[in-house]
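Please look at the sequence and the structure shown here before reading on.

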Amino acid sequence: MILFKALRLYFTFLLLAISASAFAQDVVKYVQPLAGTAVATTASAIKHGSGYAASQANTIPAVTTPFAMTQWTPETQATENKCVPPYLYKDSLFYGLRGSHWLSGSCTQDYGSFTIMPITGKLKTNNYQTSFKHTDELLTPYLYQVNLAEYNVHAAVTATPRCGIMQFTMDNADSLYLLITPNSDRHEGYVQVDAQRGEICGYNPAHRIYQGWGKSAGFNGFFVIRFEKQANRAGTFTGEKILSATSLKDMPGLGAFAGFKMDKGEKLVIRIGTSFTSLDGARKNLQAEMPGFDFDKAVVTCKEVWQKALSQISVATDNLKDKNIFYTAYYHTMQQPRLFSDVDGSYPMFATGYKNAKLAKGNYYDDFSMWDIYRAEIPLYEILKPAFVNDLVRSLIIKGRQGGWMPIFPCWNNYTSEMIGDHTASVISSAYLKGIRDYDANEAYGLLRHNAFDIPANKADYVEGKGRRALDSYLKYHYIPLEDSVPDAFHKKEQVSRTMEYAYDDYALSQFARKLGKTADYKSLTRRAGYYKNVFDPATGMVRGRYANGNWITDYNPDKKESYITEGTPRQYTFYAPQDIPGLSKLMGGPAKLESALDSLFLKKEYWHGNEPGHQIPFMYNYTPAPWKSQQEVREILTTEYSDGPGGLGGNDDAGQMSAWYMFASMGFYPVNPVSGQFVLCSPIFDKIILKLPNGKSVTITCHKKSKNSAHIYQVKRNGKLSLSNYISYKEIMNGGSLEFFMQDNPDAKWATQPQYQPGR
């Protein structure tokens, strides 16, 4: 009996160990940081993309932690110019390791960055870049390492949320010099060498683009560097001129250097603190997050952070490529929004010249690529990290409070009015409706209402980017006519697209108003949510430019990029009414006509996955008599528009939106209308998926396939019970449980075809 109990106990521990081992699998190894660093090679990118912005995913191989202040990346492009990421796969010259604030997957600009370059032998401060090959690199989310053969040194970097630590390993005994340069293209910045303190510090002033282009952003990118050993030589330089001054400010090509006598195999470790508030803030961040010089321990810690973050979702499949793409996408969704506050809560005030404030709780974030991420990335984290989304909402409220208007697309801690729409309304309304509410809801609503109903009293505020563009026309005509060219915006014209996106935002705000009991606003905004119908031309069955007198533009080609459409064609934008797809369907003549219109788009190969306004389109068959076509088209996009190679993203990743789309679609559900809390279903590509929820619950998604090629749903079960709907709610997800897909090779023409089983009702 004792032996039996001992054996039973042994096997119990064995099973627990096996289970723990399976759960603790190394998912970080699937992340491929080079993905998106080369020109896109997907079919729709080749057909629809034009120019650098559309053909490049613009991601960087960032060593960082989730949503960190600073990303550390190898630098192959020594500039902060717009649409030039710090690293391009095609490049062969290495300029150093950069502390970067690049908006991942964007066509914007880096700002407040600085670079550290190791060289050996004789000191030189100009033309020091060196050749490298990709085979010389080790790339992971937690460690970048490169062998610089010309200098006989290996350089490596790892990260914390606000700091970095670098290690330089010598192949030969030699002099090692570290060159530190603020990356200002405007010949600005500051460096200071403090030999007694063993420190080099400095800053790079940030500047705005889009609205207010070129103006000071009102803060700097600060850095403080501490060295493990005493430098034998240190100083400053401008270009190739080496100076005796211990500090320099606002000069072309300025930088600082530190030199060390090194033995063969010797390692030099440096610690770097960053901040957007001050040098003292950078020092405090450094002391709190990186108090010692143990590089290997820092690498292990950073890997553990990524392991924990990425393990919140586990996927089971024999297809290694799909796993690589999934976890790489997951990594890309955690680049922005960017942490902007120091460890003590200090942060630069929004749109305010060089003034700081301090948070009472939480963190302050910026760099919201709002036109993109409201669609899928924010909804993803409403599921995975509601507390993080709450911090995002609080950050947006702070911006509105300090600037007087809710920002449209807040980046570099300023108004930009970049892109169109007013999708902060979607993000905050969605969060509130989902029970994410640790903030002053009435203040949030008031700021959003201000944007939706009011026009700045003076032109200067409007030109700065405050308020909605062309709101006066929108309110007067119930659409934006072609006569209004929207001159005070980076994206001028685009009247039809702007009308449609304002209508969605009005819907979003109407739902917030309804919850707060603001009945008059609710009714008014609900009417406005239907304004998208005013740019729908019944004669063509598509959206079309319209004049103030009601006439339609006569020169019309639905498959040509037009000035009244944002980055697309009338046919593509016709399907943007996520708040009212049944209403759009009715305009077209009913669900069967919507199905035909979708068929036409895909048959003509006019679907462009590389641009966000179409991301909901493949899922819209779930609102027609043929939901199986969503399963078919989504599978096709997952197969053809994503890869695990450097060119495997079909357009700008846009701070993670393209990647969030992949994650949702591959797991089998997607937020067509983010505010509604309804996620439409499609067929997952994985055999099993487990989402660990922050409330301690989990969702297990299982696919039962009749064959390995089965991709069409014929039955769905929720917690073991048959579910007839082709969507699932946010509440159901957050309650945890099981979701089972039963799939076959051929389409099921009956599954979820009735309107009562479809979303938006």
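This is a predicted model: local features need pLDDT of at least 70, side-chain atom pairs count only at pLDDT 80 or more; totals for chains, interfaces and linings use all residues.

Q: What is the handedness of the crossing of helix α9 and helix α10?
A: Helix α9 covers residues 386-403 and helix α10 covers residues 424-433. Their axes come within 10 Å and cross at roughly 130°, which makes α9 oblique to α10. The crossing of α9 and α10 is left-handed.

Q: How many nonpolar, polar and charged residues form the contact of α9 with α10?
A: On the side of α9, the residues in contact are Val 389, Val 393 and Leu 396. They meet Thr 424, Val 427, Ile 428 and Ala 431 in α10. Sorted by class, the contact of α9 with α10 has six nonpolar, one polar and no charged residues.

Q: How many of the residues of α9 are buried?
A: Helix α9 has 18 residues and reaches 26 Å from its first C-alpha to its last, close to the 26 Å expected at 1.5 Å a residue. A residue counts as buried under 20% relative accessible area. By that cut-off α9 is mostly covered, and the number of its buried residues is 15 of 18.

Q: Which residue with a positive phi follows α9?
A: The helix α9 covers residues 386-403. It is followed by a residue whose phi is positive, near 95°, and this residue is Gly 404.

Q: Are α9 and α11 oblique or parallel to each other?
A: The axes of α9 and α11 come within 10 Å and cross at roughly 60°. Angles under 35 degrees count as roughly parallel, and 65 to 115 as roughly perpendicular. The two helices α9 and α11 are therefore oblique.

Q: How do the residues of the contact of α9 with α11 divide by class, and how many are charged?
A: In α9, Ile 397, Gly 400 and Arg 401 take part. Their partners in α11 are Glu 443, Ala 444 and Leu 447. The residues of this contact divide into three nonpolar, one polar and, as charged residues, two.

Q: What is the distance between the axes of α11 and α14?
A: Two packed helices are described by the angle between their axes and the distance between the axes. Helix α11, residues 441-453, packs with α14 at an angle of about 145°. The distance between their axes is 11 Å.

Q: How many charged residues are in the contact of α11 with α14?
A: From α11 come Ala 441, Ala 444, Tyr 445, Leu 448, Arg 449 and Ala 452. They meet Asp 506, Leu 509, Phe 512 and Ala 513 in α14. The residues of this contact divide into eight nonpolar, no polar and, as charged residues, two.

Q: Why is α14 largely enclosed by the rest of the structure, and how many of its residues are buried?
A: Helix α14, residues 495-515, has 21 residues and reaches 31 Å from its first C-alpha to its last, close to the 30 Å expected at 1.5 Å a residue. The helix is largely enclosed because the number of its buried residues is 19 of the 21.

Q: Is His 187 buried or partly exposed?
A: His 187 lies in the loop between β10 (174-182) and β11 (190-194). Because its relative accessibility is 44%, His 187 counts as partly exposed.

Terms used: Residues are numbered from 1 along each chain as its sequence is written. Side-chain values use heavy atoms; hydrogens and water are left out. Axes are lines fitted to C-alpha atoms, for helices over the stretch in contact, and angles run from 0 to 180 degrees between N-to-C directions. Helices (H or I, at least four residues) and strands (E, at least two) are DSSP runs, numbered from the N terminus. Angles under 35 degrees count as roughly parallel, over 145 as roughly antiparallel, 65 to 115 as roughly perpendicular and the rest as oblique. A crossing is left-handed if the near helix is turned anticlockwise from the far one by less than a right angle, and right-handed if clockwise. Contact means heavy atoms within 4.5 Å. Ala, Val, Leu, Ile, Met, Phe, Trp, Tyr, Cys and Pro count as nonpolar, Asp, Glu, Lys and Arg as charged, and the others, Gly among them, as polar. The expected span of a helix is 1.5 Å times one less than its number of residues. Buried means under 20% relative accessible area, exposed over 50%, partly exposed in between (1.4 Å probe, protein chains only).
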